[in-house]
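Could you keep the model open while you go through my comments?

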Amino acid sequence: VQLQASGGGLVQAGGSLRLSCAASGSTASANAIGWYRQAPGKQRELVVVIYSGSITNYADSVNGRFTISRDNAKNTVYLQMNSLKPEDTAVYYCNAIWGFRNIWGQGTQVTVSS
């Protein structure tokens, strides 16, 4: 199973971006799918995760601004990012867990200018 992340780019503070994570496997059967990010010099951190029961868990720093959604027909998970801040600048990674398989996609760069 592979994950392909896309949608990153350069945006001004206050702007929006939508990231996509396309899976070669079934997103409907995933135990959890999430987005993580890693800023320069910092550890990778959780942004949001959605579990198989559609329960979500957002980092406090993005709660209310970011929204995760899933289109199981397209095996794609989205991250809608609104009211972006310079501190949201990072490489964003999607991750999915199917049973004992923990799969990471390649990162997509998000840069927010002030």
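The numbered points below go from the whole chain to single residues.

1. A word on the basis. This is a predicted model, in which local features need pLDDT of at least 70 and side-chain atom pairs count only at pLDDT 80 or more, while totals for chains, interfaces and linings use all residues. Residues are numbered from 1 along each chain as its sequence is written, and side-chain values use heavy atoms, with hydrogens and water left out.

2. Overall dimensions. The radius of gyration of the protein chain is 13 Å, which agrees with the value near 13 Å for a compact globule of 114 residues. That radius is taken over C-alpha atoms, and the globule rule is 2.2 Å times the number of residues to the power 0.38. Along the principal axes, the C-alpha trace spans about 40 × 25 × 25 Å.

3. Surface and burial. The accessible surface of the protein chain is about 5900 Å², and carbon and sulfur atoms hold 47% of this area. Areas come from the Shrake-Rupley method with a 1.4 Å probe; for residues, only the protein chains shown count as cover. Of the 114 residues, 41% count as buried (buried is under 20% relative accessible area, exposed over 50%, partly exposed in between, with a 1.4 Å probe and protein chains only).

4. Contacts and charges. Taking contacts between residues at least 6 apart in sequence, 52% join residues at least 24 apart (a contact means heavy atoms within 4.5 Å). The protein chain carries 9 positive and 5 negative charges, and their mean positions are 7 Å apart. Lys and Arg count as positive, Asp and Glu as negative, with His and the chain ends not counted; each charge is placed at NZ of Lys, CZ of Arg, CG of Asp or CD of Glu.

5. The disulfide. Which cysteines are joined? Cys 21 and Cys 94 are, with an S to S distance of 2.3 Å, and this is the one disulfide found in a search of the whole structure (a pair of cysteine sulfur atoms within 2.5 Å). Cys 21 lies in strand S3 (residues 17–23) and Cys 94 in strand S9 (residues 90–98), so the pair ties together parts that are 73 residues apart in sequence. The disulfide is right-handed because its S-S torsion is about 70°. Both cysteines are buried.

6. Thr 27. Leaving aside residues up to four places away in sequence, Thr 27 touches Ile 33, Arg 70, Asp 71, Asn 72, Asn 75, Thr 76 and Val 77.

7. Lys 42. This residue sits in the loop between strand S4 (32–38) and strand S5 (45–51). Lys 42 counts as exposed because its relative accessibility is 58%. Leu 17 is 25 residues away from Lys 42 in sequence and 22 Å away in space, C-alpha to C-alpha.

8. Two serines worth a look. Ser 54, in the loop between S5 and strand S6 (56–58), has a positive phi near 70° although it is not glycine; Ser 54 is partly exposed at 49%. Ser 83, in the loop between strand S8 (76–81) and S9, also has a positive phi, near 50°, and is partly exposed at 40%.

Definitions and conventions. Helices (H or I, at least four residues) and strands (E, at least two) are DSSP runs, numbered from the N terminus.
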